[in-house]
Amino acid sequence: MALNSLGREIPDSFAGKKLLPYADPWSLQPHAERSTRAIRRLTHNGSKLVGGLRDAIIASGLKDGMTISTHHSLRNGDSLLNDLVREIDALGIRDIKIASSSVHVVHAELIPYIRKGVITGLECGVNGPIGELISKGELDCPVVVRSHGGRARALICGEVPVDVAFLAAPCCDEYGNFNGYYGPSACGSLGYAQVDAQHAHKVVAVTDNLVPFPAVPVGIPQTVVDFVAQVASLGDPKKIVSSTTRITTDPIGLQIAKYAAMVIRASGYVQDGFSFQTGTGGISLAVAEHVRDMMRQGKVKGSFGGGGITGYFVDMLEEGLFEALFDVQCFDLKAVESIGRNRRHQEMTAGTYANPFNCGSVVNRLDCAILSATEIDVDFNVNVNTESMGYLLHNTGGHCDVAAGAKLAIVVAPAIRGRLPIVRDAVTTVTTPGETVGVVVTERGIAVNDRLPELKAELIRMRAPVKDIRQLRDEIYAITGVPRPIEFTDKVVGLIEYRDGSIIDVVRQVRQ
Amino acid sequence: MKIQRKGQAGTMQSSDLMVIVEPADGLVIEIESTVKKQFEHLIRARLEQVLAKHGAEGARISVNDRGALDYAIEARLETALRRAGGLS
């Protein structure tokens with residue numbers, strides 16, 4: 001056991017791997033070569049079609065103990081990962097690790113295969129019931145939660161070697177070119193899959209929409225694809241992209257958005273060259289609308305909107321408010337439709353988006369970003385991984401990457417969620433270190449990190465409701481009462497990896 | 001204060017609670033809550049405070065809490081007690 005710099009107890013090793021405790025967001029330097037894979041030579045010019053999923057697994061040479069991956073651009077509509085694991089089981093293959101870019105609620109179907117020993121490790125974060133069961137100690141499967149940038153880093157550095165990547169390919173030809181723009185399972189950007197396509201030892205494109213050669217525009221090229229498999233369906237299109245993402249109508253959410261917009265105005269960043277990222281939550285979109293108004297009024301020509309892209313950002317691009325969009329993942333149909341049509345709607349890989357170990361990722365070029373939170377502590381540390389019962393329920397996404405990269409990371413959250421105080425003495429789990437968070441905005445006030453005294457002074461001058469974060473905590477506690485800490489056993493069931501690979505926190509089994 | 005019949009108040013909406021009061025021997029409090037681990041002690045304390053204030057006895061109090069704040073707990077319990085004939 002060692003304490004990391006945030007005072008979290010980190011074991012020396014986990015699931016056989018030695019751990020490096022987190023120190024700070026910036027100083028860890030890589031000492032590695034880029035991971036390598038065997039160069040292949042394919043001399044035939046015919047089809048790479050091998051048949052269905054089972055044929056592809058056999059062709060890929062998947063064996064006991066190997067690691068597979070999928071991408072999560074089909075999100076909760078994905079059926080590939082479930083189908084894949086079912087076939088792996090049917091072939092009698094065991095002890096497989098999953099290193100997908102994310103695992104969703106729909107993948108609760110994997111639970112029996114974890115119990116059966118088909119799946120024995122998760123080299124990726126999880127959303128939903130799998131994490132809950134692991135937290136309760138009812139499912140034994142070590143899990144390592146990584147951010148989008150951290151996952152790209154882990155694959156690129158060879159820390160997580162993927163033996164076979166099975167990549168959902170919404171529009172694919174028989175020689176392995178594919179994109180995400182068209183077809184019944186269109187998901188738009190394939191930003192996460194790009195990393196696997198470049199680094200997995202074997203790459204299988206799995207499609208439900210085989211088109212005549214060539215599938216253009218080429219998102220992932222034939223040169224990195226070993227096999228093509230055909231399936232009836234990759235998933236449920238209704239759950240792949242939501243048809244609309246909406247601004248909140250909740251008065252508390254709207255109040256938070258108004259305050260967040262004041263913070264953005266006070267920052268002075270809204271001028272020509274402005275860059276901005278939000279999530280898809282109703283509050284984030286309400287902030288985006290304020291920002292759009294600010295840009296219109298000031299006749300501002302922004303630089304780019306980044307991250308996961310929604311129709312709101314497409315509108316801002318088409319209105320000329322941004323030069324470009326950098327899109328790692330499309331969140332709604334409007335974004336999917338736009339990326340296939342707009343030259344300035346640029347697909348980006350997860351590595352380009354957020355990998356800390358390269359010559360500069362896109363998050364480094366962000367001015368302002370809106371982030372969410374499950375809990376925030378008085379040191380501005382943020383938790384998005386564990387929920388009120390202490391269970392691991394959410395993946396990190398790009399949270400800590402964006403916070404580290406953006407000049408100003410603004411965390412928005414209601415002060416209270418069903419009696420739970422959101423600002424508190426200590427977070428259950430640290431996802432994102434407070435050192436990288438600029439401002440916390442709740443409907444009960446705005447707390448500014450001490451490292452931004454000028455922003456704080458400007459907000460006070462604007463008569464914004466600025467409060468010390470401890471004062472904000474006390475006001476919230478006065479309404480909710482002081483929560484009793486959740487009790488955990490000593491057993492570590494999961495790791496929260498910081499984007500650089502050091503361990504910022506662990507998930508312990510909840511005492512029942 | 002005697003509980004004469006079953007009384008119920010509240011909803012299962014987030015940030016609300018459902019309270020059911022029934023005649024029983026002694027005074028029994030049962031709490032289910034979405035925030036049980038962090039707040040059961042405070043929910044129980046507030047329930048006991050309200051019950052004591054009205055001298056309620058001979059009742060089973062079943063609470064299904066969805067993260068309600070103290071004032072909601074107080075209001076729902078008082079209403080349930082009234083409906084159970086335990087309050088005049």
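What percentage of the 512 residues of chain A count as buried? The answer is 59%, where buried means that 20 or more other C-beta atoms lie within 10 Å of a residue's own, exposed means 12 or fewer, and partly exposed is in between, with C-beta atoms placed from the backbone.

Before you click on: this is a predicted model, so local features need pLDDT of at least 70 and side-chain atom pairs count only at pLDDT 80 or more, while totals for chains, interfaces and linings use all residues. Residues are numbered from 1 along each chain as its sequence is written, and chains are lettered from A and ligands numbered from 1 in the order in which they are written.

**Chain A, whole view**

Select chain A and colour by secondary structure: there are 15 helices and 29 strands. These are DSSP runs numbered from the N terminus, helices being H or I with at least four residues and strands E with at least two. Its C-alpha trace spans about 70 × 55 × 40 Å along the principal axes.

**The eight-stranded sheet**

Next, pick out the open sheet of chain A with the order β18-β17-β16-β15-β19-β22-β26-β27 and mixed pairing. Two strands pair if DSSP finds at least two bridges between them. At the edges you will find β18 (345-347) and β27 (445-448) of chain A, each pairing on one side only. Neighbouring strands in this sheet are turned by 20° against each other on average, direction ignored.

Now zoom in on β15 (275-277) and β19 (368-371) of chain A, which run parallel and are joined by two bridges. Q277(A) stands opposite A369(A) in β19(A). Then show helix α8 (251-267) of chain A: it packs on the sheet, touching β19, β22 (408-412), β26 (439-442) and β27 of chain A, and its direction makes about 150° with that of β26(A). Axes here are lines fitted to C-alpha atoms, for helices over the stretch in contact, and angles run from 0 to 180 degrees between N-to-C directions. Contact means that the C-beta atoms of two residues, placed from the backbone, lie within 7 Å.

**A stop at A32(A)**

Select A32(A), in the loop between β4 (17-18) and β5 (49-51) of chain A. Is A32(A) buried or exposed? A32(A) is exposed, because it has 12 other C-beta atoms within 10 Å. Leaving aside neighbours within four places in sequence, A32(A) is in contact with C157(A) and G158(A).

**Over to chain B**

Show the contact between the chains, which takes eleven residues from chain A and 13 residues from chain B.

Then select the open sheet of four strands in chain B, order β1-β2-β4-β3, with mixed pairing. β1 (7-10) and β3 (27-33) of chain B are at the edges with a single partner strand each, so one side of each has no neighbour in the sheet. β3(B) pairs with β4 (59-65) of chain B in the parallel sense over seven bridges, and the bridge partner of I29(B) in β4(B) is I61(B). Helix α1 (36-53) of chain B packs on this sheet, touching β3 and β4 of chain B. Last, show helix α2 (70-83) of chain B, lying across β1 and β2 (17-23) of chain B at about 155° to β1(B).
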